[in-house]
Amino acid sequence: AASGGGSMWPLILGGIGVGALAARSGLRAFQRSGAKMPGVPPVFKDAFGGLRKESLAGFESPMTRAEAKQILNLREMNPAKDSIREAHRKLLVANHPDKGGSTYVASKINEAKEILLGKKNVWSREQQSGRVYSRKAGSAALRTELQSTVAWARSAK
């Protein structure tokens with residue numbers, strides 16, 4: 001009698017799969033009929049707003065000032081040194097390698113601070129246009145990890 005319960009799992013999982021396919025087909029038929037679907041609440045729109053295709057492309061090589069501002073989540077055109085240092089500190093505290101964070105992401109956070117503070121040379125747009133560089137220098141997974149850290153630091157304000 002005990003072995004009979006294990007044979008039910010394929011039926012249960014198959015039923016869930018068939019139900020999901022039926023629901024998808026029903027939604028598609030509903031959309032084709034011309035009926036309007038209710039709007040998505042703004043909560044869900046904002047939850048996945050950071051996952052645009054260009055944001056998952058990887059890091060530029062060499063890093064630009066625009067990318068450095070994006071990494072540190074700075075919106076101002078020319079951010080003050082104090083705001084750069086504060087944003088750097090918050091992100092690095094949240095993602096320090098000694099606390100289980102990624103060393104690669106921490107190095108990108110440090111590089112962003114150095115570029116914005118002028119401690120590291122950055123290529124101008126004119127120099128970059130004549131130079132081929134890879135947008136795939138960092139993996140999309142690390143970019144996503146950095147974005148989640150930025151989102152966490154943003155919510156901690």
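**Close-up 1. Histidine 88 is buried, with a relative accessible area of 10%.** Buried means under 20% relative accessible area, exposed over 50%, and partly exposed in between (1.4 Å probe, protein chains only). This is a predicted model, so local features need pLDDT of at least 70 and side-chain atom pairs count only at pLDDT 80 or more, while totals for chains, interfaces and linings use all residues. Residues are numbered from 1 along each chain as its sequence is written, and side-chain values use heavy atoms, with hydrogens and water left out. Helix α4 (residues 81-94) holds histidine 88. Helices (H or I, at least four residues) and strands (E, at least two) are DSSP runs, numbered from the N terminus. Beyond its neighbours within four places in sequence, histidine 88 contacts Leu72, Ile109, Asn110 and Lys113. Contact means heavy atoms within 4.5 Å.

**Close-up 2. Tryptophan 9 is exposed, at 54% relative accessible area.** Tryptophan 9 lies in helix α1 (residues 9-32). Trp9 also belongs to a nonpolar surface patch with Met8, Leu11, Ile12, Leu13 and Ile16. Together these residues have about 660 Å² of accessible area. Areas come from the Shrake-Rupley method with a 1.4 Å probe; for residues, only the protein chains shown count as cover. Nonpolar side chains (Val, Leu, Ile, Met, Phe, Trp, Tyr) are joined within 5 Å, like charges within 9 Å.

**Close-up 3. The chain around these sites has seven helices and zero strands.** Of its 157 residues, 25% count as buried. Among contacts between residues at least 6 apart in sequence, 70% join residues at least 24 apart.

Terms used. Patch = residues over 30% accessible without salt bridge, like charges linked within 9 Å, V, L, I, M, F, W, Y side chains within 5 Å. Salt bridge = Lys/Arg side-chain N within 4 Å of Asp/Glu carboxyl O.
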